[in-house]
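Work through the exercises below with the sequence and the model open side by side.

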Amino acid sequence: MHYPVPINQGELLVTNGCMEGIELALRALTEPGDTVAVETPTYYGTLLALGVMRRRALEIPTHYRDGVCLYSLEQAFKRGQVKACLLSTNAQNPLGFTMSSERKRKLVDLAVRYDVPIIENDIWGDTVYAGEALPAKAYDETGMVIYCNSFSKTLMPGLRLGWVAPGRYHHRIRELKQISSITTASVPQLMMARLMENGFYAQHIQQLRSQLANQATHLAERVRACFPVNTRVDIPTGGCALWIGLPRGGDSRMLFEKALEAGIHVFPGSVFSAGSRHTSYLRLNAGNPCDDQLDSAIDRLGALAASL
């Protein structure tokens, strides 16, 4: 095989944000009652979308550094348990990992071998701190990966400008797009095209990566300094999600409630699973600039964690 596999502009469909692309892909590949493989933990919006669309989530164990367990995924494929996968391979939310190129190749190979398509949510891909990180789609020679992305996380959330590269499912997704929203407004597209042509976006991304990396590192250091001994925190490879593991016996739901009373908002780990997993974990957002107010909030949050 030859890598990476290029995508030409004729293959792309513009969407109203990344989530529309994901929803179109789910509608193209599955029916109500079908099962979709997801990481665990996974982005809570993924679970909400599956629930609203009446699809079932099969949670596949996922490593905080290596990504989804390919062995467990293959076993699900062998048993015929899933109709599709919905995964992130770069700067995954909430774990923050970026899968290696080799693991991305193996993931695509599994999809091809068992004829199970992948919906790839790469919304944080451009923020990978170490530079360019190719998505799994780059290793897809047969069109089994439906790639979804947008500018919502990297430039303007309100722009609602995304795109999908549907591979072999292009015709069906184009039909569904025309039925659901007909088209995407042209003015945001023209504005974004100008920002990309004049080099603004490329420069902005470089600055954003550096800024997010610094904020994530600072937040991780504050957590290590303020939280109880044996709290686990790993700096993400991109994005702004920090996955925090409380010491044995820690209850992130209880911490969430105490923090909310103190005016501090965190996400308990349980919202990133359809079951009762990850109750001793929480997600912190490193997307805010480092300042005294942030440090004070983390100090209070650490004190609350110690009181559990």
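**Exercise 1. How much space lies in the largest pocket, and what lines it?**

Solution. Before any value is read, note that this is a predicted model, in which local features need pLDDT of at least 70 and side-chain atom pairs count only at pLDDT 80 or more, whereas totals for chains, interfaces and linings use all residues. Residues are numbered from 1 along each chain as its sequence is written, and side-chain values use heavy atoms, with hydrogens and water left out.

Step one is the volume: about 490 Å³ of space lies in the largest pocket. On a 1 Å grid over the protein atoms alone, a pocket is an open set of points with protein on both sides within 12 Å along at least five of seven lines, a cavity is a set of points where a 1.4 Å probe fits but cannot get out, and lining residues have an atom within 4 Å of a point. Grid points are joined across faces, edges and corners, and a volume is the space filled by probe spheres set on the points.

Step two is the lining, which comprises 23 residues, with D122, D126, L134, P135 and Y147 lying nearest the centre of the pocket. By class, this lining divides into 14 nonpolar, four polar and five charged residues, where Ala, Val, Leu, Ile, Met, Phe, Trp, Tyr, Cys and Pro count as nonpolar, Asp, Glu, Lys and Arg as charged, and the others, Gly among them, as polar.

Step three is the secondary structure: β7 (145–150) and α7 (200–226) each supply at least two lining residues, and α7 gives the most, with five. Helices (H or I, at least four residues) and strands (E, at least two) are DSSP runs, numbered from the N terminus.

**Exercise 2. Which residues line the largest cavity?**

Solution. The structure holds one cavity of 30 Å³ or more, and about 30 Å³ of space lies in the largest cavity. Its lining is made by Y64, L95, D234 and W243, which by class gives three nonpolar, no polar and one charged residues.

**Exercise 3. At roughly what angle do the axes of α3 and α4 cross, and at what angle do those of α1 and α5 cross?**

Solution. Two packed helices are described by the angle between their axes and the distance between the axes. Here the axes are lines fitted to C-alpha atoms, for helices over the stretch in contact, and angles run from 0 to 180 degrees between N-to-C directions.

Take α3 (residues 70–78) and α4 (residues 101–114) to begin with: their axes come within 10 Å and cross at roughly 5°. That makes α3 roughly parallel to α4, since angles under 35 degrees count as roughly parallel, over 145 as roughly antiparallel, 65 to 115 as roughly perpendicular and the rest as oblique. The contact (heavy atoms within 4.5 Å) is made by L70, L73, E74, F77 and K78 of α3 and R103, K106, L107, L110, A111, R113 and Y114 of α4; by class it has seven nonpolar, no polar and five charged residues.

Turn next to α1 (residues 18–29) and α5 (residues 170–180), whose axes come within 9 Å and cross at roughly 120°, so that these two helices are oblique to each other. Their contact is made by E20, L24, A25, R27 and A28 of α1 and R172, I173, L176, K177 and S180 of α5, and it has five nonpolar, one polar and four charged residues.

**Exercise 4. Where do P41, P94 and R54 lie, and what marks their backbone?**

Solution. Most residues other than glycine have a negative phi, and most peptide bonds are trans. A cis peptide bond joins T40 and P41, with omega about 5°, and P41 lies in the loop between β2 (35–40) and α2 (44–52). Another cis peptide bond joins N93 and P94, with omega about 20°, and P94 is placed in the loop between β5 (84–87) and α4. R54, although not a glycine, has a positive phi of about 60°, and R54 is found in the loop between α2 and β3 (56–63).
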